[in-house]
Amino acid sequence: MELNYTLLKEDYLAFNLYHTSKNPQIKKQRTRSYIIMIICFVLMAFFLHTLGIEFYYSVPVFAILLIIYPLRIGSIFKNSMKRQVEMNYGDAYAEQVFVTVSGEYIEIKDYRTLSRVNIPYIKGFSEIEGYFFIKLTSLSYIIIPKRHFQDTEFIRKQLFDLSKAYNLPFDQELDWKWK
């Protein structure tokens, strides 16, 4: 299988958002910040109560903020990730990538590097609505945007067959969305 496609900054952003959403440390960090926010709201409510402002005035405001916070923190994090992608991949705009799967290895070629990875050493495959990701190491992935290919079913079948042949995980999350 030979793939020739162009990676854009949006592809790096989609990958980083997906990868981040699967990181248990980031999940803990987001949960912790939400709990800290709730504690701060409760302390503010008690402080306002000591100033003579009744709870029934502050509780609806805090309830609205508790609902809005998870929605807003996702967009704040996404904007932060956009800046990070711009900083890290700014020179890789419209990067041409060639991926060849043959025999026992996958070869990746772009304008900077030429790499060959033995398939048994691949960590796994992931598929979301617009992308395939091949996990080479804990920090290295191959990003394959589906928009460049008419027959994504062929690519899915090839990657799935590789995952079965080498007993590698194939995660299919077609309904994944950034939250």
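**Salt bridges, core and surface patch**

The side chains of Glu95 and Arg112 form a salt bridge, with N to O at 3.3 Å. Glu95 lies in strand S2 (residues 95-102) and Arg112 in the loop between strand S3 (105-109) and strand S4 (114-118), so the pair ties together parts that are 17 residues apart in sequence. Glu95 is buried at 3% relative accessibility, whereas Arg112 is partly exposed at 46%. The model is predicted.

**Other salt bridges**

- The count of salt bridges comes to 11.
- Glu86 and Lys9 also meet through their side chains in a salt bridge (3.0 Å, N to O). This pair links distant parts of the chain, with Glu86 in helix H3 and Lys9 in helix H1, 77 residues apart.
- Glu86 is partly exposed, with a relative accessible area of 43%, while Lys9 is buried at 19%, under the 20% cut-off.
- In helix H4 (residues 152-165), Lys157 and Asp161 are four residues apart, so about one helical turn separates them. Their closest N and O atoms are 2.9 Å apart in a salt bridge.

**Nonpolar core**

- The largest nonpolar core has 38 residues, and Tyr5, Ile106, Ile122, Ile134, Ile142 and Leu159 have the most contacts inside it. Helix H1 (residues 9-21) supplies the largest share of this core, six residues.
- Leaving aside residues up to four places away in sequence, Ile142 touches Tyr5, Val99, Ile106, Ile108, Phe132, Phe133, Ile134 and Leu136.

**Nonpolar surface patch**

- Phe47, Leu51, Ile53, Tyr56 and Tyr57 make a nonpolar surface patch of about 600 Å².
- Ile53 lies in the loop between helix H2 (24-50) and helix H3 (55-89), and is partly exposed at 36% relative accessibility.

Terms used. Residues are numbered from 1 along each chain as its sequence is written. This is a predicted model: local features need pLDDT of at least 70, side-chain atom pairs count only at pLDDT 80 or more; totals for chains, interfaces and linings use all residues. Side-chain values use heavy atoms; hydrogens and water are left out. A nonpolar core is a set of buried Ala, Val, Leu, Ile, Met, Phe, Trp, Tyr and Cys residues joined through side-chain atoms within 4.5 Å. Buried means under 20% relative accessible area, exposed over 50%, partly exposed in between (1.4 Å probe, protein chains only). Helices (H or I, at least four residues) and strands (E, at least two) are DSSP runs, numbered from the N terminus. Contact means heavy atoms within 4.5 Å. Patches are made of residues with over 30% relative accessible area and no salt bridge: like charges are joined within 9 Å, nonpolar side chains (Val, Leu, Ile, Met, Phe, Trp, Tyr) within 5 Å. Accessible areas come from the Shrake-Rupley method with a 1.4 Å probe; for residues, only the protein chains shown count as cover. A salt bridge is a side-chain nitrogen of Lys or Arg within 4 Å of a carboxyl oxygen of Asp or Glu.
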